[in-house]
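Me: I'd like a close look at one part of this model. Keep it brisk, and define the terms as you go.

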Amino acid sequence: MGNPVMFFEIAGKNGETLRKFYTDMFGWTILPFGWKTSHFPNDIYAIDPTPPPLSDEGIKGHIYPLSEEMDFSNRISVFIQVENLEDTLKKVENLGGSMLITPQVLPDNMGSIAMFLDPSSNVIGIYQI
């Protein structure tokens, strides 16, 4: 299977400002997902970085606004597809990293995610279909 980068995310205190910036800067199509979670109570935006007719190219992403409870002010992350989140997190810890976010099921049967810190404290996401 390999472990391809599946999507990216851009986080900041004002999701709408980020949406406008990246739409104006690169012409990306950025639309609200239409769902919210306990971790992300504000609008989450889906990013299609290649406007039609090339929308099947490029890695998709999303923008989400941060809540006051989050202990960082901004972040860009990539999510790597894995076969098993739990097994991958065990391997992360064996190699000197640490779990940041426990496995969580995404709404609408979109898979599951978790996040970890590498030994240099970079945030990396993992995604299981």
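Reply: The model is predicted, so local features need pLDDT of at least 70 and side-chain atom pairs count only at pLDDT 80 or more, while totals for chains, interfaces and linings use all residues. Residues are numbered from 1 along each chain as its sequence is written, and side-chain values use heavy atoms, with hydrogens and water left out.

The sheet is open, with the order E2-E3-E4-E1-E5-E8-E7-E6 and mixed pairing. Strands (E, at least two residues) and helices (H or I, at least four) are DSSP runs numbered from the N terminus. Two strands pair if DSSP finds at least two bridges between them. Strand E2 (29-32) and strand E6 (98-105) are the edges, each pairing on one side only. From one strand to the next, the twist averages 25 degrees.

Now E3. It pairs with strand E4 (residues 60-65) over three bridges, in the antiparallel sense. Tyrosine 45 stands opposite isoleucine 63 in E4.

Tyr45 and Ile63 both belong to the largest nonpolar core, nine residues in all. Such a core joins buried Ala, Val, Leu, Ile, Met, Phe, Trp, Tyr and Cys residues through side-chain atoms within 4.5 Å. Buried means under 20% relative accessible area (1.4 Å probe, protein chains only). Strand E1 (5-12), helix H1 (15-26) and strand E3 (45-48) each give two or more residues to this core.

Leu18 is another member. Beyond its neighbours within four places in sequence, leucine 18 is in contact with Ile10, Ala11, Gly12 and Ile63. Contact means heavy atoms within 4.5 Å.

Key:
Buried < 20%, exposed > 50% of the residue type's maximum accessible area, 1.4 Å probe, protein only. Axes fitted to C-alpha atoms, helices over the stretch in contact; angles between N-to-C directions.
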